[in-house]
Amino acid sequence: MILTPAHWEAVLEQARREYPREACGILAGRAGPPQRVERIYPMTNADHSPATYLMDPQEQFRVFKEMRRDGLDLVAIYHSHTASPAYPSRRDRDLAFYPEAVYLIVTLQERERPAGRAFRILDQDRVEEVPFQVAG
Ligand SMILES: [Zn+2]
């Protein structure tokens with residue numbers, strides 16, 4: 001998966017702004033390969049929680065509709081972790097309903113050094129890391 005520096009900065013900025021709650025959103029673009037992000041949709045975390053996220057269902061409905069209209073694919077679902085590593089939690093794995101999507105997780109465990117990792121979540125027990133690249 002390839003993100004532009006501007007998209008990556010936007011994800012980090014949202015994660016910092018929402019801290020100490022988890023931030024979440026959708027990255028849309030071309031399914032690829034290579035999967036290329038073209039648009040970012042910051043979403044409201046309906047859980048308003050420091051430990052979980054739930055994309056606001058109404059916003060998600062509107063975003064999916066807009067993506068269909070514009071011929072964009074769901075490339076990734078991103079969210080932040082505030083106090084744990086960038087790895088899918090048990091709950092993240094339980095609620096990963098899009099096996100075709102990349103799950104990008106940003107951790108603010110070290111506030112000054114945010115780090116991200118990306119995964120495909122096939123089911124509860126099958127998590128594969130996928131490379132992601134920030135490039136113009
Ligand atoms: Zn999580």
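## Surroundings of Tyr-53

Once neighbours within four places in sequence are set aside, Tyr-53 is in contact with Glu-22, Cys-24, Asn-45, Asp-47, Ile-77, His-79, Arg-91, Asp-92 and Tyr-103. The model in which these contacts are found is a predicted one, and within it Tyr-53 lies in the loop between strand E3 (36-43) and helix H2 (57-70).

Is Tyr-53 buried or exposed? Its relative accessibility is 11%, and Tyr-53 therefore counts as buried, the cut-off for that class being under 20%. Tyr-53 and Ala-23 are separated by 30 residues in sequence, while their C-alpha atoms are 7.2 Å apart in space.

## His-48 in the E3 to H2 loop

The loop between E3 and H2 also holds His-48, a residue that has a positive phi of about 45° although it is not a glycine. Because its relative accessibility is 53%, His-48 counts as exposed, a class that begins over 50%.

## The cis peptide bond at Pro-20

Between helix H1 (5-18) and strand E2 (24-30) there is a loop in which Pro-20 is found. The peptide bond leading from Tyr-19 to Pro-20 is cis, and its omega is near 10°.

## The E6 and E7 hairpin

Strand E6, which covers residues 115-123, pairs with strand E7, residues 126-130, in the antiparallel sense, and the pairing extends over five bridges. Two residues stand between E6 and E7, and the two strands form a hairpin.

Which residue in E7 is the bridge partner of Arg-120? That partner is Glu-128.

Key
Residues are numbered from 1 along each chain as its sequence is written. This is a predicted model: local features need pLDDT of at least 70, side-chain atom pairs count only at pLDDT 80 or more; totals for chains, interfaces and linings use all residues. Side-chain values use heavy atoms; hydrogens and water are left out. Helices (H or I, at least four residues) and strands (E, at least two) are DSSP runs, numbered from the N terminus. Buried means under 20% relative accessible area, exposed over 50%, partly exposed in between (1.4 Å probe, protein chains only). Contact means heavy atoms within 4.5 Å. Two strands pair if DSSP finds at least two bridges between them.
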